[in-house]
Amino acid sequence: MSGTARAGARELLRSIFGFSDFLPGQWEIIQALRAGRDALAVMPTGSGKSLLYQFPAAAGPGLVIVASPLIALMRDQLRALADKGLPAVALHSAQDDAEALAAYDAVASGRARLLYAAPERLATEGTQNLLRKNRVTLFAVDEAHCVSHWGHEFRPDYRGLGEIARKIGAPVLAVTATAGPRTRDDIRRSLFAREPDVFIHSFARPNLALSFARKRAGLRQILDFIGKGGESGIVYCNSRRMADVLAADLARLGLDALPYHAGLDAYARSAHQDAFFARKGVVMVATIAFGMGVDKPDVRFVAHAGAPGSIEGYYQEIGRAGRDGAPARTLALFDPRELALRWRTPEIAAENEAAAGDYARRKAMARLCLASACRFQTLLAEFGEESGPCGKCDHCRGGPLAWPRRARAAALGWRVAAESRFAAFAGEGVEETEAEPVPPSEPVLDPAAMPETALTVNETRLLRALQAERLRIARRLGSPPRAVASEETLRALAVTRPERLDDPLFARVQAPAAFLNVIESCD
Ligand SMILES: [Zn+2]
């Protein structure tokens, strides 16, 4: 499209939305839709996804439909659009008949430019009839990862949207902030009748410094991470109780900390949220109930007091830090035992895609906790994006000196994988006729990625002694050394020096007592 078209569009953008220009990527997507093509846009939160369908509505003519999963999100957008003078209505289950009728009327009379609707509302006969009578110029699906079994918030109702889109016949736009390659494929298959233009905005956040640590004294670690206070931040907890306790502890230690979770009454929730926005230096200690629509630019840190549930959720949560582009930091604490449980191969039917997807996401998060390579690079790779080392994460910052640390992460990874396998084998009486539980298919990391220099002098000496022992055992048993113990297991033993025979690493070797003996006698 010509420069004049863009100039005109910018004028509209300025007059209605108050922005001087489009953010990177927005204009290309809007153009594709204008040209009648379908589009799948994967863009991180904060990169202006809603404008992709609000702008065509403002430009008109015709109606833009937005399928949206959350009533709260619809209400937020309606409020914002009312301020801009752009007529928009919504159809969802939380409105009474009068409200729904008013919405129908606004659409039928052509007054409404935007219709937000929950997927189940779109599926009703009444809504379908209404839409047939209107000129629909765009069918947008917000939070499109909900379509996919692989998305972290799969909603069965979303599955029917592809059919509705085909009936409407307008260009289809799917937008999401979190979609790995598998989720993207699923969205493409389920939502689009033809191949969409795919736009993937980079998920890199160069101002975020990621770090992970094994959870030891949780409170102490969180305190060290937060520092002396005075900065706004969020500490995510895996339970309401944990949020209450940790908020009280931090407040007792002099920080301006407040709890936030769905168990608090509405008054306390909104008072705490207001304080977070109004006061400088509030630390919100919250469950994941806190965050949807939280757009505070100067959040300087996000901590996870327990391992995050899924990699996509994790990305969204840390994404609330550093929206202003200034440096911000994150820390996730994890318990290897908990990760091992998550890693445990679930006993699910092969056709249960939702459970398999859930498992894949939990495992991806465990992999990130245990990664020995750059954290952001690993995170982006999970989203299908290639990148170089970030230079800011805990592994990158250490430079060459970080190798012992990386080696420890690697060894821990092996132990977690081993332990989860162990847990699976020890699980509720596996019947003899049943197939053995499938061990995790990918190793925690590529063992080759761990260079020789990763080991200290003492660890190398122990490794040599373990290798010698392996050779002795192999000769005695008349089997190849690799069948006695793999090289990776020996390296993990050399780094972690387990002291008890019930350590899961020993489940991976033959003659474990002999190896334990070597570890004990080598110092
Ligand atoms: Zn890095």
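Helix α3 (residues 51–59) is mostly covered, with 7 of its 9 residues buried, where a residue is called buried if 20 or more other C-beta atoms, placed from the backbone, lie within 10 Å of its own, exposed if 12 or fewer do, and partly exposed in between. The model described here is predicted, and local features are therefore reported only at pLDDT of at least 70 and side-chain atom pairs only at pLDDT 80 or more, while totals for chains, interfaces and linings use all residues. Residue numbers start from 1 along each chain as its sequence is written. Helices (H or I, at least four residues) and strands (E, at least two) are DSSP runs, numbered from the N terminus.

The buried residues of α3 are Leu52, Tyr53, Gln54, Phe55, Pro56, Ala57 and Ala58, and just after this helix glycine 60 takes a positive phi of about 55 degrees. The axes of helix α2 (residues 26–34) and α3 come within 10 Å and cross at roughly 55 degrees; such axes are lines fitted to C-alpha atoms, for helices over the stretch in contact, and angles run from 0 to 180 degrees between N-to-C directions. The contact is made by Gln26, Ile29, Ile30 and Leu33 of α2 together with Leu51, Leu52, Phe55 and Pro56 of α3, two residues being in contact if their C-beta atoms, placed from the backbone, lie within 7 Å. By class, the contact of α2 with α3 has 7 nonpolar, 1 polar and no charged residues, where Ala, Val, Leu, Ile, Met, Phe, Trp, Tyr, Cys and Pro count as nonpolar, Asp, Glu, Lys and Arg as charged, and the others, Gly among them, as polar.

A second pair of helices was examined in the same terms. The axes of α19 (residues 457–477) and α21 (residues 487–496) come within 9 Å and cross at roughly 135 degrees, which makes α19 oblique to α21. In this pair, Glu459, Leu462, Leu463, Leu466, Gln467 and Arg470 of α19 meet Leu490, Arg491, Leu493, Ala494 and Val495 of α21, and by class the contact has 7 nonpolar, 1 polar and 3 charged residues.

The strands include an open sheet of 7 in the order β3-β4-β2-β5-β6-β1-β7, with parallel pairing; two strands pair if DSSP finds at least two bridges between them. Because β3 (88–91) and β7 (197–200) stand at the edges, each with a single partner strand, one side of each is left without a neighbour in the sheet. Strand β1 (residues 39–42) is joined to β7 by 4 bridges, and the two run parallel, with alanine 39 opposite aspartate 197 in β7. Helix α8 (residues 161–168) lies across β2 (63–67), β5 (136–141) and β6 (172–176), running at about 170 degrees to β5, whereas helix α9 (residues 181–191) lies across β1, β5 and β6, running at about 155 degrees to β1.

Leucine 131 lies in helix α7 (residues 125–132) and counts as buried because it has 21 C-beta neighbours inside 10 Å. Leaving aside its neighbours within four places in sequence, leucine 131 is in contact with Val136 and Ile168. For the chain, 41% of the 523 residues count as buried, and the secondary structure comes to 22 helices and 13 strands.

Note on methods. Parallel < 35°, antiparallel > 145°, perpendicular 65-115°, else oblique.
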